[in-house]
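Reader: Hello! Could you walk me through a protein model, one question at a time?

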Amino acid sequence: MAQLIKPKKIRGKYFFSDFPDFYPNLSPRDIFKLGSFGGTYWRPIYSSVTKESYKDVHKNYPPFWWNNIPEENFSSEEYNKSINKYRIEVGTTLEYWEGNGWITKYHPYGWVHLVL
């Protein structure tokens, strides 16, 4: 397994030493509370990077990490724009992320998978 590199929070943004051009302003917890990804982040997926299927990966993390966040905010199979803070459908596909090299064998769901 790759060595976990924790991001540093500086002036309201998270910085990753191994991805200097990526600096989100929300933590994973913030993202899920806001209903980002229409609740589909931890949905079952097939990764073309690892050639494996994944399901219930979020259950590998301590349950208290999800306290006060409805399950529908992060593991729904269908995009639900009504749980998104802005009530609109936004984002790109897993295939888009994989095609841009943002998904690796160490985190087939993306950067949140690595950070948590």
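Reader: What should I know before we start?

Author: This is a predicted model, in which local features need pLDDT of at least 70 and side-chain atom pairs count only at pLDDT 80 or more, while totals for chains, interfaces and linings use all residues. Residues are numbered from 1 along each chain as its sequence is written, and side-chain values use heavy atoms, with hydrogens and water left out.

Reader: Thanks! Is Y86 buried or exposed?

Author: Y86 sits in the loop between β4 (52–54) and α2 (94–99); helices (H or I, at least four residues) and strands (E, at least two) are DSSP runs, numbered from the N terminus. Buried means under 20% relative accessible area, exposed means over 50%, and partly exposed is in between, with a 1.4 Å probe and protein chains only. The relative accessible area of Y86 is 58%, so Y86 is exposed.

Reader: Which residues make the nonpolar surface patch of about 310 Å²?

Author: Patches are made of residues with over 30% relative accessible area and no salt bridge; like charges are joined within 9 Å, and nonpolar side chains (Val, Leu, Ile, Met, Phe, Trp, Tyr) within 5 Å. Areas come from the Shrake-Rupley method with a 1.4 Å probe, and for residues only the protein chains shown count as cover. The patch is made by Y86, I88 and V90.

Reader: Which backbone nitrogen does the side chain of N84 reach?

Author: N84 is also in the loop between β4 and α2, and with a relative accessible area of 5% it is buried. Setting aside neighbours within four places in sequence, N84 is in contact (heavy atoms within 4.5 Å) with L34, G35, S36, Y79 and V90. At 2.7 Å, its side chain reaches the backbone nitrogen of Y86.

Reader: How are the rings of Y41 and W42 arranged?

Author: Rings of Phe, Tyr and Trp (its six-membered ring) pair if their centres lie within 6.5 Å; planes under 30 degrees apart count as stacked, over 60 as edge-to-face and the rest as tilted. The structure holds 19 aromatic pairs. In the pair of Y41 and W42, the centres are 5.1 Å apart and the planes are at 80°, which is edge-to-face.

Reader: And how are the rings of Y96 and W102 arranged?

Author: Y96 is partly exposed at 43% relative accessibility, and W102 is partly exposed at 39%. Their ring centres are 5.7 Å apart and their planes are at 70°, so the pair is edge-to-face.

Reader: With which side chain does the side chain of Y54 make a polar contact?

Author: Y54 lies in strand β4 and is buried, at 17% relative accessibility. Y54 is one of the residues of an aromatic cluster that also includes Y41, W42 and Y109. A polar contact is a pair of N or O atoms within 3.5 Å; within protein, one must be able to donate a hydrogen and the other to accept it, and residues adjacent in sequence count only if both atoms are side-chain atoms. At 2.9 Å, the partner of Y54 is the side chain of T50.

Reader: Which residue forms a salt bridge with K59?

Author: Side chains of opposite charge can pair when their charged atoms come close. A salt bridge is a side-chain nitrogen of Lys or Arg within 4 Å of a carboxyl oxygen of Asp or Glu, and by this rule the count is one. K59 is exposed, at 54% relative accessibility, and its closest N and O atoms are 3.9 Å apart in the salt bridge with D56.

Reader: What is the phi of K51?

Author: K51 is in the loop between β3 (45–47) and β4, and with a relative accessible area of 56% it is exposed. K51 is not a glycine, although its phi is positive, at about 65°.

Reader: How far apart in space are D30 and I69?

Author: D30 is in helix α1 (residues 28–33) and is partly exposed, with a relative accessible area of 31%. D30 and I69 are 39 residues apart in sequence, and from C-alpha to C-alpha their separation in space is 9.8 Å.
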